[in-house]
Amino acid sequence: MSELSVNHLLGIKYLKKQDIQLIFETADHFKEVINRPIKKVPSLRDITIANLFFENSTRTKLSFELAEKRLSADVINFSASQSSTKKGETLIDTVNNILSMKVDMVVMRHPNPGASVFLSQHVNSSIINAGDGAHEHPTQALLDSYSIRERLGEVKGKKVVIVGDILHSRVALSNIYALQLQGAQIMVCGPKTLLPKYIDTLGVQVETNLRKALNWCDVANMLRVQNERMDMSYFPSTREYTQQYGVDKQLLNSLDKPITIMHPGPINRGVEITSDVADSDQAIILDQVQNGVAVRMAVIYLLAAKIKH
Amino acid sequence: MSQKVLLNAKELNIILHRLACQLIENHNDFSETVLIGLQPRGTFLADRLAKLLQTNYKIKNLKLGYLDITFFRDDFRRGEKILEANSTVIDFVVENKNIVFIDDVLFTGRSIRAALTAIQSFGRPNEIELLTLIDRRFSRHLPIQPNYRGRQVDAINEEKVKVNWVENEGEDVVYLINS
């Protein structure tokens with residue numbers, strides 16, 4: 001297979017196993033490219049990409065922008081806080097205005113779940129979802145799986161536990177879809193209040209005891225507690241959360257076998273993981289960030305290949 | 001579809017030896033020279049030449065790399081087929097070195113143009129030469145000519161030149177295919 005089965009990357013839900021395989025193989029080549037003295041290729045020199053961020057982002061926005069620039073695309077950036085959306089403009093109007101400036105591809109982060117799907121039905125451009133509310137964050141899941149593949153050889157058959165705030169996490173849902181497609185075993189672990197009600201329907205194991213979960217897994221993906229999305233109190237205190245669901249070096253060392261620690265960032269050091277864990281050899285957090293650029297280059301390249309000249 | 005043999009295994013072997021000798025003539029002990037096979041098909045020829053130089057002509061410390069030009073091509077989004085990338089393996093410094101690009105067939109010259117751009121990502125070489133097994137005359141789109149050529153062929157556009165290698169296709173032979 002040499003082309004994606006989709007014209008947009010709206011979520012992992014819409015991808016096939018072969019799509020993920022193709023993205024990873026292409027990302028391998030881009031990873032080599034970004035380790036050259038000159039890290040840029042001219043493939044997308046006639047493509048313009050708009051990064052529309054209706055919600056705050058640091059690493060995803062930087063990573064996308066860097067990926068686009070290393071492919072030689074022209075890039076325009078838009079953030080909602082400085083825009084006319086504050087004046088009452090609708091999403092479709094905002095995007096259509098931007099597209100009328102001959103933009104070929106849109107990378108969008110939006111606080112509302114389904115925003116990118118909605119947009120793909122109403123505008124004539126290739127859309128990449130860079131996170132829509134608590135729904136999906138497909139490129140994060142792809143780079144997470146890519147990093148597991150890089151560290152452990154393959155994803156198939158590996159045991160992955162996703163720890164923490166599953167309820168408010170788009171990373172969790174996309175990761176579950178992506179890992180399932182590749183044949184990994186998945187467990188979620190967190191306080192019951194932060195596990196979604198429908199979690200049983202996703203075909204994942206549920207565990208509330210962190211030690212049991214860590215002893216079971218090969219990889220632990222530690223999620224951040226998303227205080228900004230919480231409209232009520234889901235646990236008594238941060239201190240209590242850390243006691244129950246935080247990983248420190250002592251806990252890691254006491255496990256049956258060494259495990260790999262991942263984190264999508266930003267880290268709350270001392271809450272979900274301690275500094276000595278985040279900076280240890282078992283953590284691949286900075287590899288995830290580097291792989292993020294290669295994986296996003298692959299996604300953008302493969303989607304751009306489907307835009308008619 | 002009809003095909004005719006342009007070069008058989010014996011002729012191919014003679015040409016490979018000649019090309020190896022011509023390289024030695026110009027590059028001496030290869031201390032300042034690196035060979036770069038162009039992906040995907042130039043790598044077989046590059047491997048073969050490198051093996052000859054090392055075993056038959058006792059060249060030591062020969063540096064051989066592979067360069068993929070997919071992301072530097074000028075036909076991205078212009079054809080029916082999506083361009084699939086291959087691996088680039090250059091684990092040495094090309095700065096100030098004499099590079100010999102190696103490809104099996106020189107046709108329009110566009111691949112070589114892409115390779116000339118791609119290699120710049122690795123530094124500024126002193127000089128770049130081109131070695132090609134088959135040079136298809138009268139088909140160039142760009143002012144690019146080989147420094148070393150195995151055989152020059154006059155082929156019309158509908159015809160295709162296919163180079164087969166023992167390592168890949170099980171036989172050493174060059175066909176001219178009329179489709």
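**View 1. The loop of chain A that holds A:Pro266.** A:Pro266 lies in the loop between β9 (260-262) and α10 (275-278) of chain A; helices (H or I, at least four residues) and strands (E, at least two) are DSSP runs, numbered from the N terminus. The peptide bond between A:Gly265 and A:Pro266 is cis, with omega about -10°. The model is predicted: local features need pLDDT of at least 70 and side-chain atom pairs count only at pLDDT 80 or more, while totals for chains, interfaces and linings use all residues. Residues are numbered from 1 along each chain as its sequence is written, and chains are lettered from A and ligands numbered from 1 in the order in which they are written.

**View 2. A cis peptide bond in chain B.** B:Gln39 and B:Pro40 are joined by a cis peptide bond with omega near 0°. The loop between β2 (33-38) and α2 (42-55) of chain B contains B:Pro40.

View 3. B:Phe30, in the loop between α1 (9-27) and β2 of chain B, is a residue other than glycine with a positive phi, near 65°. B:Phe30 is buried because it has 22 C-beta neighbours inside 10 Å; the cut-off for buried is 20 or more other C-beta atoms within 10 Å, that for exposed 12 or fewer, with partly exposed in between, and C-beta atoms are placed from the backbone. B:Asn61, also not glycine, has a positive phi near 55°. B:Asn61 sits in the loop between α2 and β3 (63-67) of chain B and counts as exposed, with 8 other C-beta atoms within 10 Å.

**View 4. Contact between chains A and B.** In chain B, 15 residues are in contact with 16 residues of chain A (C-beta atoms, placed from the backbone, within 7 Å). The chain B side that touches chain A has six nonpolar, five polar and four charged residues. Nonpolar covers Ala, Val, Leu, Ile, Met, Phe, Trp, Tyr, Cys and Pro, charged covers Asp, Glu, Lys and Arg, and the others, Gly among them, count as polar.

Technical notes. Contact = placed C-beta atoms within 7 Å.
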